[in-house]
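Subject: Structure handover

Hello,

Here is the structure we spoke about, with its sequence. My notes follow below.

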Amino acid sequence: MINRGILIIFALLTFACEQDLAPISGCTDENATNFNPNAVTDNGNCIYFSTTPYTIEIPYGFPNMIIPKNNPMTVEGVNLGKKLFNDPILSADNSLACINCHNKSSSFSDPNQYSTGIDNIQGTRNASALVNIGWNSSFNWDGSAQSLEEQAFEPVTNPIEMHDTWQNVENKINANLEYKDLFLEAFNIDYIDSNHIVKAIAQFERTLISSDSKFDRYIRGEEQLTPSELSGYAIFNSEKGDCFHCHGSQMFMDNRFHNNGLDIEPFTDLGLGYVSENSNDNGKFRTPSLRNIEYTSPYMHDGRFISLEEVVNHYNSGGNYSSTVDPLMKKIGIGLQLTNEEKQDLVSFLKTLSDENFITK
Amino acid sequence: MNKYILIFLCISLLFSCTKKEGCTDPVAINFDINASLDDGSCDYNNFNINLHFTQSIESDALIRDSLKYLNHSNIHYSVQTLRYIISEIKLHKEDGTSKLIDSVQFINIADESTKKVTISDVSDLEYSSISFTVGLNDSYNVTNLFLNESFFPSFTWPEMLGGGYHYMQLEGEFQADLANGNPSFYNTHTGPTSGTDFSFNKTFPIELYVINNQTDIYIDMEITNWYKNPEIINYSSDGIMENSSLQSKLKENGENDVFSVYSSE
């Protein structure tokens, strides 16, 4: 009798700190989608969802890319995003895709000054190039979006762009069996919502990396620059041209906003000031990367300049004074006073930032 | 015999899930010798040091974007941009030992969050001086060394001008006659011109007054003094990043009386 009592107490002692005395049967593998944390014995019915991680290779001289924790890069997500980027299904009349205003051959920008929406209405800004934007800390010329996911929400419903509703887009995509499969593979979801549509597009956009221009090959010691390109490089990186303060480092941008003296007040486009509602920000716009600049004509937020020569001429003339012009435009009204040859050298250097594989492969 | 085992096991069962909670660290002032499970309540009587980076003109707090200031030769000027690096901030004791409290601090007057840094859990009151480097010294100032810091890429100092990063970007407008035309811009950018190390170290005595586990130390920059003591420097719209002679003068002025440190009682 006592011996049996001892046995029982031993048994109790063993389980004294366990929460459940009766073993629950279920999937005990934490990696499974139906993992049951209370299950003690495995019932052999674990279901697995697996994706292939997509690794971003950080180019020389670039910082780490900050990827949102709730949208990790996967091969499935990137491929899905690419398909969505190219699919007019996102627009109300199924006629306009992201790629139509962000042409690959233009480094994912629009060669037209203003893009035309599905209702034949034009915007007032030039569609930004999408190159190395995974390193941007804000998006759009005026910084109105803080992440690629947030940015992708906007064009779909903008009346002068795709002019659709997210409910309609969700309906169309959920009715498409191919997309049903692809979203299940990429995100393990049965109902496709707008959040996952923009997540996939953002994943694809983070892969639009350019780091194999002639300039990169020069930095790696694989190719020489011509004397004219080297002269332009020196002008760019000294206060003679003073391009590097905003377009410095291997990124060729500074993740900041500036008024570069394009216009006098009052400004027709307030830029950052429109978003921040701070008049000190009026006329300021995001610095674009100069990578692939040869392919992204026209230039400036409103596409006012067709050629790089016009852009250089703007800085060379010094630009216009206004109350928000950036102090870095220190030769305002005086100009850089470059000779014609120096201006040509600067343009030659800018063209070394062209990455042909980026727009063709 | 078996009865005793039974009783012993019953008692074991009672205590098998109970441990006394409390502070288990003998160094803490509320160490509980009976506690076997730490409950996070340990109190070390430690304190926080709040390092404040302040900027003034003629001893008053800087007002940004205002052309109300007059320099040594009666030129109106404003400060629009002021961004700088203070590195290797250390506290020192009389016995020669020191504690590194912040290796690189980037201060941008447009961003309040960069103007204060808190060093928590300091346990020692015996610090008698503070030292820091204005800018980045040669061993730190290397191209691509700080790729993931907030001052990258905008503080980049081009490789062909010496490489690494700016120490300071101090920019604004200047104008002789406010009623006549538009102002001009000055860019006082300091850094490793031609690869020369123009950073400098400053050391100041301090006394730490701890109130409610907090102590405040202020590192102030008197902006005007960059331009006048002892070397007179006039505003110009010419860049100075390749001007070693001006960099040298700015360093001399900077070492002289641009910075001061005080702690609050």
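At what angle do helix H4 and helix H7 of chain A pack? The model is a predicted one, and in it the angle between H4 (residues 148–157) and H7 (residues 194–206) is about 115 degrees. Their axes are 8 Å apart, and the crossing is right-handed. On the H4(A) side the contact is made by A:Leu148, A:Glu149, A:Ala152 and A:Phe153. These meet a set of residues in H7(A) that includes A:Asn195, A:Val198, A:Ile201, A:Ala202 and A:Arg206. By class, the contact has 6 nonpolar, 2 polar and 4 charged residues.

Chain B has 2 helices and 15 strands. Its radius of gyration is 27 Å, whereas a compact globule of 265 residues would have one near 18 Å. Along the principal axes, the C-alpha atoms of chain B fill a box of roughly 105 × 40 × 40 Å. Of the 265 residues in chain B, 49% are buried. Among contacts in chain B with a separation of 6 or more, 66% are between residues 24 or more positions apart.

On the cores: the largest nonpolar core has 46 residues, and the members that touch the most others are B:Leu51, B:Ile130, B:Trp226 and B:Phe259. Apart from this core lies another, of 39 residues, with A:Cys98, A:Ile133, A:Ile197 and A:Ala202 among them. Beyond its neighbours within four places in sequence, B:Leu51 is in contact with residues including B:Ile89, B:Ile101, B:Lys115, B:Val117, B:Ile130 and B:Ile219.

Regards

Note on methods:
Residues are numbered from 1 along each chain as its sequence is written. Chains are lettered from A and ligands numbered from 1 in the order in which they are written. This is a predicted model: local features need pLDDT of at least 70, side-chain atom pairs count only at pLDDT 80 or more; totals for chains, interfaces and linings use all residues. Side-chain values use heavy atoms; hydrogens and water are left out. A nonpolar core is a set of buried Ala, Val, Leu, Ile, Met, Phe, Trp, Tyr and Cys residues joined through side-chain atoms within 4.5 Å. Buried means under 20% relative accessible area, exposed over 50%, partly exposed in between (1.4 Å probe, protein chains only). Contact means heavy atoms within 4.5 Å. Axes are lines fitted to C-alpha atoms, for helices over the stretch in contact, and angles run from 0 to 180 degrees between N-to-C directions. Helices (H or I, at least four residues) and strands (E, at least two) are DSSP runs, numbered from the N terminus. A crossing is left-handed if the near helix is turned anticlockwise from the far one by less than a right angle, and right-handed if clockwise. Ala, Val, Leu, Ile, Met, Phe, Trp, Tyr, Cys and Pro count as nonpolar, Asp, Glu, Lys and Arg as charged, and the others, Gly among them, as polar. The radius of gyration is taken over C-alpha atoms; the globule rule is 2.2 Å times the number of residues to the power 0.38.
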